[in-house]
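Subject: Helical model, handover and notes

Hello,

Here is the model I said I would pass on. Please look it over before reading my notes below.

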Amino acid sequence: TDAELWEQLGAAFTGLNRLPDARRCYESAVAHAPDRVVGYERLAQLLWRGLNKPEDARAALERLAAARPLDPDAVFLKARFEAAAAATSAVTLFTHA
């Protein structure tokens with residue numbers, strides 16, 4: 001599908017450390033298949049870990065939750081992000097105290 005091709009291109013750009021290009025590809029993947037969880041997952045990972053934009057990652061996962069509110073994979077992915085974000089915040093808080 002078009003979404004899978006955009007995801008593959010995003011992965012290639014990520015591997016080349018062309019992160020803004022990767023973001024555009026993952027955004028295109030999500031636009032082509034807004035009900036496909038993996039596109040949101042890769043976009044959120046790139047935003048959070050690669051581009052240090054956790055709020056943008058959260059927004060992407062909120063779009064996923066709105067698109068697939070009853071999908072257990074979508075709910076689990078958002079919950080996993082929130083848990084990791086909370087743990088990261090706690091570590092930052094205690095290492096900078």
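Predicted model: local features only at pLDDT ≥ 70, side-chain atom pairs only at ≥ 80, totals over all residues.

Residues are numbered from 1 along each chain as its sequence is written, and side-chain values use heavy atoms, with hydrogens and water left out.

Helix α1

Helices here are DSSP runs (H or I, at least four residues), numbered from the N terminus. Helix α1 covers residues 2-15. Its 14 residues reach 20 Å from first C-alpha to last, close to the 20 Å expected at 1.5 Å a residue (the expected span is 1.5 Å times one less than the number of residues).

A3, E7, G10 and F13 are the buried residues of α1; buried means under 20% relative accessible area, exposed over 50%, and partly exposed in between, with a 1.4 Å probe and protein chains only. The arc is that of the directions from the helix axis to the C-beta atoms. L5, Q8 and G15 are exposed on the other side of the helix. The buried residues of α1 pack against α2 and α3. Just after α1, N17 has a positive phi of about 60 degrees.

G10, in helix α1, has 0% relative accessibility and counts as buried. Not counting residues up to four places away in sequence, G10 touches A22, C25 and Y26, contact being heavy atoms within 4.5 Å. G10 and G39 are 29 residues apart in sequence, and their C-alpha atoms are 9.6 Å apart in space.

Helix α4

Helix α4 runs over residues 54-67. Its 14 residues should span 20 Å at 1.5 Å a residue, and its end C-alpha atoms are 20 Å apart, which agrees. A57, R58, A60, L61 and L64 are buried in α4. Seen down the axis, these buried residues fall within an arc of 160 degrees, so they line one face of the helix. E55 and A66 are exposed on the face turned away from that buried side.

R58, in α4, is buried at a relative accessible area of 19%. Leaving aside its neighbours within four places in sequence, R58 is in contact with F81, E82 and A85.

Salt bridges

Side chains of opposite charge can pair when their charged atoms come close. With a salt bridge taken as a side-chain nitrogen of Lys or Arg within 4 Å of a carboxyl oxygen of Asp or Glu, the count comes to 13.

R36 and E4 form a salt bridge at 3.7 Å, N to O. R36 lies in the loop between α2 (19-32) and α3 (37-50) and E4 in helix α1, so the pair ties together parts that are 32 residues apart in sequence. R36 is partly exposed at 27% relative accessibility, and E4 is partly exposed at 32%. A network of salt bridges links E4, E7, R36 and R42.

The side chains of R23 and D56 form a salt bridge at 3.4 Å, N to O. This pair links distant parts of the chain, with R23 in helix α2 and D56 in helix α4, 33 residues apart. R23 is partly exposed, with a relative accessible area of 25%, and D56 is partly exposed at 31%.

D21 forms a salt bridge with R18, the closest N and O atoms being 2.9 Å apart. R18 is partly exposed at 40% relative accessibility.

Aromatic contacts

The structure holds 1 aromatic pair. W48 and F81 form this pair, edge-to-face, at 5.3 Å centre to centre with 75 degrees between the planes. Rings of Phe, Tyr and Trp (its six-membered ring) pair if their centres lie within 6.5 Å; planes under 30 degrees apart count as stacked, over 60 as edge-to-face and the rest as tilted. W48 lies in helix α3 and F81 in helix α5 (residues 72-95), so the pair ties together parts that are 33 residues apart in sequence. W48 is buried at 13% relative accessibility, and F81 is buried at 6%.

R49 lies over the face of W48, at 3.8 Å from the ring centre; a charge sits over a ring if NZ of Lys or CZ of Arg is within 6 Å of the ring centre and within 35 degrees of the ring normal.

Regards

Note on methods: Helix = DSSP H or I, 4+ residues; strand = E, 2+ residues; numbered from the N terminus.
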